[in-house]
Amino acid sequence: MPRVAGQADVQQADNTSSSGAEPSPSPVRTYLLNCGSSSLADRAFSALMLVCALSIFAIVLLILVELISGSKLTIQKFGMSFFFGSAWDPVNGNFGALPFIYGTVVSSILALIIAVPLAVGVAIFLTEMCPDWLRGFLAFFTELLAAIPSVVYGLWAIFVLIPLLRQYLNPFLIKTLGWSGIFAGPNYGIGMMAAGVILSIMILPIISSLTREVMSAVPHAQREAVLALGATRWEMIRMGVLRNARIGIVGAIILGLGRALGETMAVTMVIGNRPEIARSLLAPGYSMASVIANEFSEASDELYLSALIEIGLALFIVTIIVNALARVLVWAVTRGAPVRGT
């Protein structure tokens, strides 16, 4: 009985093939055939993506136009001398942005000097040396630092960090390096040093997380090849991992610098808010974001308000210059050559 059924199936298949019947199209093919031509949809999608890309340029241009328009009074009165003047006298209408530019740049560079070695070290440990049972906890707590609000960092700095600096670190720096003038003067606790330390803590999780991701993307065969040549673990990390991940590490540092340049609340609470240029890192200072946050609501006349808006323009220009220099740094590291993953 099964034999007869099998013969019937074969005969039916032969009849179907001999009759020339085509198999029924799949549901996807049927849908595409019913839709007709998709050239119009493709053009609409391409135009939409182009609009999304051009909107970035439009947003930057609108910000620049608004900043220039709002600071027109000080631009006409002071010109380029506004960015090189040191006076800040709202009563007499005399304004200069140099102390704020100085405070922003110095505190951000100090934060990078402190945070970059620590962040790269944390990333190396988590990627190459950390035990499996500890890696998840340490990575979680490192990234948790990025979720803490800025004002909480400021409060912690006031009650914990500044007393530690005033009692322990600053006296040591004054005693050992005070001759240089960089760590000299009265020990207030608040100042550039405190701002740099709190900024370094805030940008550490950004640099560390991105560096860890970049290092994890380096092929494992690269590590094995270096070790097979007789290299030690440190030589393997230096030549096989860090060398291939250098572009990503520079990008992580750039993002951390961008966070440091624009930070407001935590810096405002610890930097001292004094518009002056001092050689010592222990002296109080002022940043561009801090002066805008502190004095924008107190601007009593149009010239004062225009000066604060031009401070924002200066911060915008400094950000553009830093990003341009970062692009040059990336080119200098890579010499225009693509990264070799193997």
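## Helix 8 and helix 11

In this predicted model, helix 8 and helix 11 are roughly antiparallel to each other, because their axes cross at roughly 155° and angles over 145 degrees count as roughly antiparallel. The two axes come within 8 Å, and the crossing is right-handed.

Helix 8 contributes Leu199, Met202, Ile203, Ile206, Ile207, Leu210, Thr211 and Val214 to the contact. From helix 11 come Gly248, Ile249, Ala252, Ile253, Leu255, Gly256, Arg259 and Ala260. By type, the residues of this contact are 12 nonpolar, 3 polar and 1 charged. An α-helix has 3.6 residues a turn, so residues three or four places apart point the same way.

## Helix 5 and its two partners

Helix 5 covers residues 98–129. Its packing against helix 8 has an angle of about 40°, and the axes are 5 Å apart. The crossing of helix 5 and helix 8 is right-handed. The residues in contact divide into 23 nonpolar, 9 polar and 2 charged.

Helix 5 also meets helix 6, which spans residues 132–144. Here the axes come within 10 Å and cross at roughly 150°, so helix 5 and helix 6 are roughly antiparallel. This crossing is left-handed. On the helix 5 side the contact is made by Val122, Phe125, Leu126 and Thr127; on the helix 6 side it is made by Leu134, Arg135, Leu138, Ala139 and Thr142. Of the residues in this contact, 6 are nonpolar, 2 polar and 1 charged.

## The buried face of helix 10

Helix 10 runs over residues 233–242. Its buried residues are Met236, Ile237, Gly240, Val241 and Leu242. Viewed down the helix axis, these residues fall within an arc of 155°, so they line one face of helix 10.

Among the elements covering the buried residues of helix 10 are helix 5 and helix 8. Helix 9 (220–228) and helix 11 (246–262) are also part of that cover.

## Two buried residues

Thr74 belongs to helix 4, which covers residues 72–78. With a relative accessible area of 0%, Thr74 is buried, because the cut-off for buried is under 20%. Leaving aside residues up to four places away in sequence, Thr74 touches Gly79, Leu303, Ser306, Ala307 and Glu310. Thr74 and Glu310 are 236 residues apart along the chain, and their C-alpha atoms are separated by 7.4 Å.

Gly189 sits in the loop between helix 7 (150–177) and helix 8. Its relative accessibility is 3%, so Gly189 also counts as buried. With residues up to four places away in sequence left out, Gly189 touches Ile162, Leu165, Arg166, Asn170 and Ala194.

## The chain as a whole

The chain has 342 residues, of which 37% count as buried. Its secondary structure comes to 14 helices and 2 strands. Among contacts in the chain with a separation of 6 or more, 72% are between residues 24 or more positions apart.

Conventions. Residues numbered from 1 in each chain as written. Predicted model: local features only at pLDDT ≥ 70, side-chain atom pairs only at ≥ 80, totals over all residues. Heavy atoms only, no water. Axes fitted to C-alpha atoms, helices over the stretch in contact; angles between N-to-C directions. Helix = DSSP H or I, 4+ residues; strand = E, 2+ residues; numbered from the N terminus. Parallel < 35°, antiparallel > 145°, perpendicular 65-115°, else oblique. Left-handed = near helix turned anticlockwise from the far one by under 90°. Contact = heavy atoms within 4.5 Å. Nonpolar A, V, L, I, M, F, W, Y, C, P; charged D, E, K, R; others polar. Buried < 20%, exposed > 50% of the residue type's maximum accessible area, 1.4 Å probe, protein only. Arc of directions from axis to C-beta.
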